[in-house]
Amino acid sequence: MAGSGDRLVLCLHGFPENAISWRYQIEPLAQAGYRVWAPDLRGYGETTRPLGLAPYSIESLLHDVSGLLTAAGSSQTILVGHDWGGIIAWHYAMRYPERLNALVILNAPHPACFERELRHWRQLRRSWYMAMFQIPRLPEAVLSMGEGYMVGKIFERMAIHHERMPDNVVRHYRQQACVPGALTAMLNYYRAALRGGGALRQRALGYPTIEIPTLVVWGLQDHALGPHNLDELPCFVRNLTTVTIADAGHFVHEDRPEQVTTQLVTWLQRILRD
């Protein structure tokens, strides 16, 4: 938490990170006059880790966001999400638009665009790991071996500017993943969406047009999510601003923190003033 006032910026991290992934954005946003909350998502850090898939369904994750917003009691809310946090944020903006004033997405595809892209080899070949994550126990064994060695390799492979992802931060993510039960909780997001039917339930509800101002920032060197996920996005978002960053990867807000933070603060000042 940082800052004060009645304008809340709620930042939702992705896999396999936690709240410290927002370390470059929290203080600048607070200095710009916002109240900033960056929680660990369910199952991450020192949060509780309920058993089974149901607690990690998209519906449960949206309920967590509602609980945070109710606790904050702010008159204005800006929801910011990266990776899985971005997936949650997309769905929240569609299901509970009345609770948000603005939406910011960092390298997380709109579900309709992602469904379309999975029909193409260009994205399907990048998403093989999602199928592997459905297997019980095996992914946990692979990711936790060698004190989280493979978790560290995720950052080594996907971070572009490694000086922005220092060894102590990667070590922290590795240690977090190796806490008993943590990896199962983290992987259950994927399992609840696919094996648990969460993605199909959301698809059945439809994807209403998002009317609130929306900023999408995308690192073009993302190994997991191709840039074609941005195609036709204006069909689903009425008031859309898209910013692409050529020399940033999946962890765009850590690869190019100054550029991302400047874009975020400048955009918020403009749209909230308007």
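Q: Which residue of S4 is the bridge partner of Gly 81?
A: The partner is Ile 105. The model is predicted, with pLDDT of at least 70 needed for local features and 80 or more for side-chain atom pairs, while totals for chains, interfaces and linings use all residues. Residues are numbered from 1 along each chain as its sequence is written, and side-chain values use heavy atoms, with hydrogens and water left out. Strands and helices are DSSP runs numbered from the N terminus (E, at least two residues, for strands; H or I, at least four, for helices).

Q: Why is S4 called mostly covered?
A: Buried means under 20% relative accessible area (exposed is over 50%, partly exposed in between; 1.4 Å probe, protein chains only). In S4 (residues 102-106), 5 of 5 residues are buried. In a regular strand the side chains alternate between the two faces of the sheet. Ala 102, Val 104 and Leu 106 are buried on one side of S4, and Leu 103 and Ile 105 are buried on the other, which leaves both faces covered.

Q: What is the handedness of the β-α-β unit made by S3, H3 and S4?
A: The unit of S3, H3 (residues 84-95) and S4 is right-handed. The term means that, with the strands pointing away from the viewer, the path from the first strand over the helix to the second runs clockwise.

Q: In what order do the 6 strands of the sheet lie, and how are they paired?
A: The order is S2-S1-S3-S4-S5-S6, in an open sheet with parallel pairing. S2 and S6 (240-245) are its edge strands, as each pairs on one side only. Neighbouring strands are turned by 15° against each other on average, direction ignored. Axes are lines fitted to C-alpha atoms, for helices over the stretch in contact, and angles run from 0 to 180 degrees between N-to-C directions.

Q: What makes H3 a helix that packs on the sheet?
A: Contact means heavy atoms within 4.5 Å. H3 touches S1, S3, S4 and S5, and its direction makes about 140° with that of S3. H12 (residues 257-273) lies across S1, S3, S4, S5 and S6, at about 165° to S4.

Q: Why does Gln 202 count as buried?
A: Its relative accessibility is 3%, so Gln 202 falls in the buried class. Gln 202 lies in H10 (residues 198-205). Residues up to four places away in sequence aside, Gln 202 touches Ile 58, Glu 59, His 91, Arg 95 and Tyr 207.

Q: What makes a set of residues a nonpolar core, and how many residues has the largest?
A: A core is a set of buried Ala, Val, Leu, Ile, Met, Phe, Trp, Tyr and Cys residues joined through side-chain atoms within 4.5 Å. The largest has 63 residues, and those with the most contacts inside it are Phe 15, Leu 79, Ile 88, Trp 90 and Leu 103. H9 gives the most to this core, with 8 residues. Another core of 29 residues lies apart from it, with Ala 102, Val 104, Val 243 and Leu 272 among them.

Q: How do you know that Arg 137 and Glu 147 are exposed?
A: Arg 137 has a relative accessible area of 68%, so it is exposed. The value for Glu 147 is 67%, so Glu 147 is exposed as well.

Q: What is the form of the peptide bond from Phe 15 to Pro 16?
A: That bond is cis, with omega near -5°. Pro 16 lies in the loop between S1 and H1 (26-31).

How values were computed
Pairing = 2+ DSSP bridges.
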